[in-house]
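Subject: Handing over the two-chain model

Dear colleague,

I am passing the structure below on to you, and I would be glad if you could look through it before reading my notes.

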Amino acid sequence: MTAPLPTLAAIEVPGPGTRPFVSVTGLTKRFSNGVTVLDDVSLDLARGDFVSLIGPSGCGKSTLLKLVSGLSPASGGGITVDGMTPENARELMSFIFQDATLLPWRTVIGNIVLGLELEGGTTRSQRRAKAVELLGLVGLSDVADHYPRQLSGGMKMRVSIARALATRPKLLLMDEPFGALDEMTRDHLNEELLRLREEQKWTALFVTHSVAEAVFLSTRVVVLQAGPGRIRRDIAIPFPFPRLPDLRSDPAYLDLVGQVSQALRDICIGPKGGET
Amino acid sequence: MKRFLSQLGWPIGVFVVVMVAWHLATKVFEIPAYILPDPLRVLGAGLEKRANLFSAVRISAAEAGLGFVASVVGGVLVAFVLAQSVVIRRCMFPYTILLQTVPILAVAPLILMWFGSGLRSIILIVFIICLFPIIANTTQGLISVDRNLLDLFRMGNASRAQTLSKLRFPHAIPNFFVGLRISSGLSVIGAFTGEMFASSSAVGEGGLGYSIIYANSQLQTDYLFALVIACAALGSCFFFTVVFFEWLFLHHWHASAMRPDPE
């Protein structure tokens, strides 16, 4: 590998300090049935950001995630991830789905090594060692050889998170990963997710329906409106990391949760009146 | 083992009751033996002609088994091709349905004409009868993979071969076994049908189908019953062999092969 010519680098590549890690500009998505899901959406993520997308159903937040991952093509506008197109940046990304999407015929370990296996270039024992390490991180060492059907919903989601982290992603895309879990499990996994983020320093784009979860996890909460999907508010969440569980009873936290909830209400019972 | 025996107990009980009822019925209503022989007579006829019976079973088993294995190999290959694209499925699937809808009794004389009587034609008939359930079910399994799992593989930059071997194929195994279950029973019917048209009448070469026609023409109703029971036993053997392999492959993870939760 040779370094790019200095002149080219100077012209085409801004310094790492100024260039956003993920850049979404003027993004539009129309489905083949003519419905516009996203209209002129622009959003930048700096390295280390944890950005939550929140909004009413049909505001296109899951679609935005699919577009950033390159799983679905944009109709207009542009997305770059670390300066690359989403398709080319897949090696930097992992996607966590709403359900755990584990392979039922593989054990917990077998599921976690999947990404490494597809990547190639590692031996079976290297992959296993990596999986064992991750199992320790998500607290599942005891069930390494269990099958997914033997696990609870929360444990399955932890396996899903461990699988996503196995390939050392720089960007985690999460589509309501904790939506199907009970509140206690959800709170607990929220805390674990932040702990993993401290250790591994990835950037996150996170879709959720829960205001409290969004405020607890994020550096920024982006509120979208529906029909067509547009960004309405971009609210910074200034609390420092690491964030501990007792943040949830902090007045400043509760105040921000109130602000985001109000922003959501403004959209749903907007100037037009009535539900959208 | 205890559990297995307790499960087996009930069907065996039913068998004994039916046999006793059958035995009594033939005595009480004085049914002639050529219409409904006493079960003990059936047993006697089976034992008396056991050399013929075993040779018939062996021949039919070979025909059904070879045809079945051929249809598994052929069916899976066709399913792989069909699973590759919607266009291929649209073009080809209607023709695989022909395998199911054209009555084998209509085609059998043609096969006999083209390939002559004997083993080859019978195996071909078994093959044709068994093919469709395997193609239809395996294809269904290969293409009905969850959208998110496919996206997961795309995110991992999986090659087409990786998606096939690590996702589509394991996902299709339960459906594949549904096809095998259906075809395992059909294979014996196929061998039976084939023999009715194409069996060799040489001594020691006729299978169960041929032997049943012969026993019928000779009014050996007791031996005919023994042959029918042998037919059913052969079909069951095939079926339970498939069920065993299904359990072997699926009991770790698939709901169909798991024990029900204790109540």
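Predicted model: local features only at pLDDT ≥ 70, side-chain atom pairs only at ≥ 80, totals over all residues.

Residues are numbered from 1 along each chain as its sequence is written, chains are lettered from A and ligands numbered from 1 in the order in which they are written, and side-chain values use heavy atoms, with hydrogens and water left out.

At the interface, 20 residues of chain B are in contact with 22 residues of chain A, contact meaning heavy atoms within 4.5 Å. The area buried between the two chains is about 2,000 Å², with 63% of it given by carbon and sulfur atoms; buried area here is the accessible area (1.4 Å probe) that two parts lose on being put together, summed over both. The rule finds two salt bridges across this interface, a salt bridge being a side-chain nitrogen of Lys or Arg within 4 Å of a carboxyl oxygen of Asp or Glu. One of the salt bridges links Lys66(A) with Asp151(B), whose closest N and O atoms are 3.5 Å apart. On the side of chain B that touches chain A, the elements giving two or more residues are helix H7 (147–155) and helix H8 (160–198) of chain B, and H7(B) provides the largest share, seven residues. Helices (H or I, at least four residues) and strands (E, at least two) are DSSP runs, numbered from the N terminus.

Within chain A, strand S6 (residues 171–175) is largely enclosed by the rest of the structure, because five of its five residues are buried, that is, under 20% relative accessible area (1.4 Å probe, protein chains only). Leu171(A), Leu173(A) and Asp175(A) point one way from S6(A), whereas Leu172(A) and Met174(A) point the other way. S6(A) pairs in the parallel sense with strand S5 (residues 93–96) of chain A over four bridges, and five bridges join S6(A) to strand S7 (residues 203–207) of chain A, also running parallel; two strands pair if DSSP finds at least two bridges between them.

Finally, Ala226(B) lies in helix H10 (residues 221–250) of chain B and is buried, with a relative accessible area of 9%. Not counting residues up to four places away in sequence, Ala226(B) touches Val42(B), Gly46(B) and Leu53(B).

With best wishes

Definitions and conventions: Buried < 20%, exposed > 50% of the residue type's maximum accessible area, 1.4 Å probe, protein only.
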